[in-house]
Amino acid sequence: MTFQCDDRTVLDDWLTVGPSTRLTGRSSTNPYRTKLLSSDVDVWRDGQGKVVARCGDSTLMVQDAYGYLWICPSGKPTKTIFSFPEYAEPGRRIVDCDGIGVAVSGLRMVENFLDMGHFPYVHAHYLGEVPQTEVAAYEVNVDESAGEIWATNCRFYQPKTSKSATTGLDVQYRYRVMQPMSAILYKTAFPRPGEMDAIGLFVQPHDEESITAYCLLAYYDDTTTETDLLSFQHTIFGQDKPILENQRPKRMPLQPGSEVPTRCDAMSVAYRRWLKARGTSYGAVR
Ligand SMILES: [Fe+2]
């Protein structure tokens with residue numbers, strides 16, 4: 001086995017190794033090198049523009065999708081990569097926020113992304129504000145055919161929901177978990193309140209306790225500069241980073257009752273159950 005991982009659900013999945021722009025100026029003699037599942041992976045484009053990935057002597061299955069590079073470590077994917085229709089939807093603006101390194105399990109990273117309860121405390125004056133800390137009841141469903149989790153009818157008062165927001169807003173949210181380490185959040189678009197912006201979170205597991213979390217925006221926003229959009233996302237991620245890195249254990253406990261549930265964590269409970277049911281253990285407490 002090329003990779004130090006015995007979790008079939010991860011080996012047979014599509015894992016990102018970063019934005020496709022990493023390949024600019026790269027070649028077989030000067031590849032983009034990155035760490036995936038504790039192994040060095042080299043990626044480049046051949047003379048025909050085809051993406052090539054190698055790990056040691058092994059050629060890997062790789063694809064370029066949604067402006068990101070995706071590797072199936074085993075070469076035997078159980079399904080095609082998730083759909084992301086908003087990426088190609090007319091009127092949306094695609095902004096790649098690149099990644100931030102975090103010393104935490106990829107599962108912890110995704111769980112934090114799904115949690116509205118921390119907004120007023122960790123993202124005060126942006127995504128929440130004391131005393132408006134109430135997380136209203138919402139619905140969680142597993143789409144068995146797609147193998148995805150959806151949380152719908154979520155809402156939260158946000159003082160500054162995005163860079164373009166000039167007032168507080170009662171923001172509608174939807175969450176979608178496509179893979180253990182990939183999720184999309186849909187939230188009210190401030191400039192077009194009838195529409196929802198999409199924010200993709202793609203996690204590259206360097207190992208079980210260290211990751212890069214990439215963020216891709218598919219926004220309705222023609223006015224905010226790219227620099228301002230990036231700086232807003234990096235501010236939010238920068239607020240999460242120390243909290244995530246101080247979590248103990250660093251890996252995700254999946255045993256029921258191993259962490260005291262709070263009333264706002266229906267999505268977290270569903271995510272942990274879903275991981276356990278599909279047998280995902282990489283980044284979890286064994
Ligand atoms: Fe956060």
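Let's start at one residue. S182 touches F82, L201, F202 and V203, leaving out residues up to four places away in sequence. Touching, or contact, means that the C-beta atoms of two residues, placed from the backbone, lie within 7 Å. Before going on, a word on the model. It is predicted: local features need pLDDT of at least 70, side-chain atom pairs count only at pLDDT 80 or more, and totals for chains, interfaces and linings use all residues. Residues are numbered from 1 along each chain as its sequence is written.

Back to S182. Is it buried or exposed? S182 has 25 C-beta neighbours inside 10 Å, so it counts as buried. The cut-offs are these: buried takes 20 or more other C-beta atoms within 10 Å of a residue's own, exposed takes 12 or fewer, and partly exposed is in between, with C-beta atoms placed from the backbone. S182 sits in strand β11, residues 182-189. Strands here are DSSP runs of E, at least two residues, and helices are runs of H or I, at least four, numbered from the N terminus.

Now the whole protein. It has five helices and 13 strands. The C-alpha trace spans about 55 × 45 × 35 Å along its principal axes. A compact globule of 286 residues would have a radius of gyration near 19 Å, and the protein has 19 Å, so the two agree. That radius is taken over C-alpha atoms, and the globule rule is 2.2 Å times the number of residues to the power 0.38. Buried residues make up 40% of the 286.

Next, the domains. There are domain 1, residues 8-72, and domain 2, residues 85-278. These bounds come from an automatic or database domain assignment. Their centres, over C-alpha atoms, are 26 Å apart.

First sheet. Six strands form an open sheet in the order β1-β6-β5-β4-β3-β2, with antiparallel pairing. Two strands pair if DSSP finds at least two bridges between them. β1 (15-19) and β2 stand at the edges with a single partner strand each, so one side of each has no neighbour in the sheet. Neighbouring strands are turned by 30° against each other on average, direction ignored.

Look at β2, residues 32-36. Its covered face holds Y32, T34 and L36, and its uncovered face holds R33 and K35. In general, side chains of a regular strand alternate between the two faces of the sheet. β2 pairs with β3, residues 39-45, in the antiparallel sense over five bridges. Y32 stands opposite V43 in β3. Two residues lie between the strands of this hairpin, and L37 takes a positive phi near 50°. Elsewhere in the sheet, β5 (58-65) and β6 (68-72) run antiparallel, joined by five bridges.

Inside it, eight bridges join β9 (148-158) to β10 (169-179), which run antiparallel. F156 has V171 of β10 as its bridge partner.

Axes are lines fitted to C-alpha atoms, for helices over the stretch in contact, and angles run from 0 to 180 degrees between N-to-C directions.

How many residues of α2 (106-113) are buried? Eight of the eight, so α2 is largely enclosed by the rest of the structure.

Last, the core. The largest nonpolar core has 74 residues, and M109, V110, Y175, A183 and L201 have the most contacts inside it. Such a core is a set of buried Ala, Val, Leu, Ile, Met, Phe, Trp, Tyr and Cys residues joined through C-beta atoms within 7 Å. Strand β13, residues 210-219, gives the most to this core, with eight residues. Domain 1 and domain 2 both give residues to this core, so it lies between them.

And that takes us back to the start. L201 touches V110, F113, S182, A183, A213 and C215, again leaving out residues up to four places away in sequence.
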